[in-house]
Amino acid sequence: MSGSPSPADGPDAVFRPDPAFDVGSTAAVDWPLCQVRLQRDARFAWLILIPRRPGLVEIEDLTPVERVMLTEETVRAGRVVRAVAQGWGRPIDKLNVAALGNVTRQLHLHVVGRRPDDGLWPDPVWGRGAAVLPAAPLLEQALAVVRAG
């Protein structure tokens, strides 16, 4: 592993998403490899994929098979992001996919739908402006789309 292992990363360790994810996102569904979370920001259709393995920091920490799974789940997440954006009446023009990890060290990927009129285009979305919480019906609609995807 490239990260610094801790006692919690031993053979009896269990996956737990970093509590920092709870601040801005909602756990929606578990796919074969990843927990899929919906970012609570109405400015963007945005999913976060967190591989459900303890102690992961970098993509290289996954096995080769898991890396393929992550790629396939990223493509699937892109389709779901497009469907969420369509449901919000704001179809996207571009998918942004990134594994930053500067704030939350735990391995995760962002899949964000972008549009030239999204307010931050063409700049990155990370750390830019305050999130706009979606109204409850929009959040529930998006979660239903993610769970069906």
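## Helix pair and sheet in a predicted model

Helices α2 and α3 cross in a right-handed sense. Right-handed means that the near helix is turned clockwise from the far one by less than a right angle, left-handed anticlockwise. The contact draws on V80, A83, V84 and G87 from α2 and on Q141, A142, V145 and V146 from α3. Contact here is heavy atoms within 4.5 Å. By class, this contact holds 6 nonpolar, 2 polar and no charged residues. Nonpolar covers Ala, Val, Leu, Ile, Met, Phe, Trp, Tyr, Cys and Pro; charged covers Asp, Glu, Lys and Arg; the others, Gly among them, are polar.

This is a predicted model, in which local features need pLDDT of at least 70 and side-chain atom pairs count only at pLDDT 80 or more, while totals for chains, interfaces and linings use all residues. Residues are numbered from 1 along each chain as its sequence is written, and side-chain values use heavy atoms, without hydrogens and water.

The axes of α2 (residues 64-87) and α3 (residues 136-148) come within 9 Å and cross at roughly 150 degrees. Axes are lines fitted to C-alpha atoms, for helices over the stretch in contact; angles between N-to-C directions run from 0 to 180 degrees. The two helices are therefore roughly antiparallel. The cut-offs are under 35 degrees for roughly parallel, over 145 for roughly antiparallel, 65 to 115 for roughly perpendicular, and oblique for the rest.

The sheet is open, with 5 strands in the order β1-β2-β3-β5-β4 and antiparallel pairing. Helices (H or I, at least four residues) and strands (E, at least two) are DSSP runs, numbered from the N terminus. Strands pair if DSSP finds at least two bridges between them. The edge strands, β1 (25-30) and β4 (94-98), each pair on one side only. Twist averages 25 degrees from one strand to the next. Strands β2 (residues 34-39) and β3 (residues 46-51) share 5 bridges in the antiparallel sense. L38 has L47 in β3 as its bridge partner.

| Helix | Strands touched or crossed | Angle |
|---|---|---|
| α2 | β2, β3, β4 and β5 (109-114) | about 30 degrees with β5 |

W121 and P122 are joined by a cis peptide bond, with omega about 0 degrees. P122 sits in the loop between β5 and α3. Most peptide bonds are trans.

The protein chain averages a pLDDT of 92, and 92% of the residues score at least 70. Over residues 1-7 the pLDDT is below 50. pLDDT is the predictor's confidence in each residue, from 0 to 100. Where it is low, the predicted coordinates should not be read in detail.
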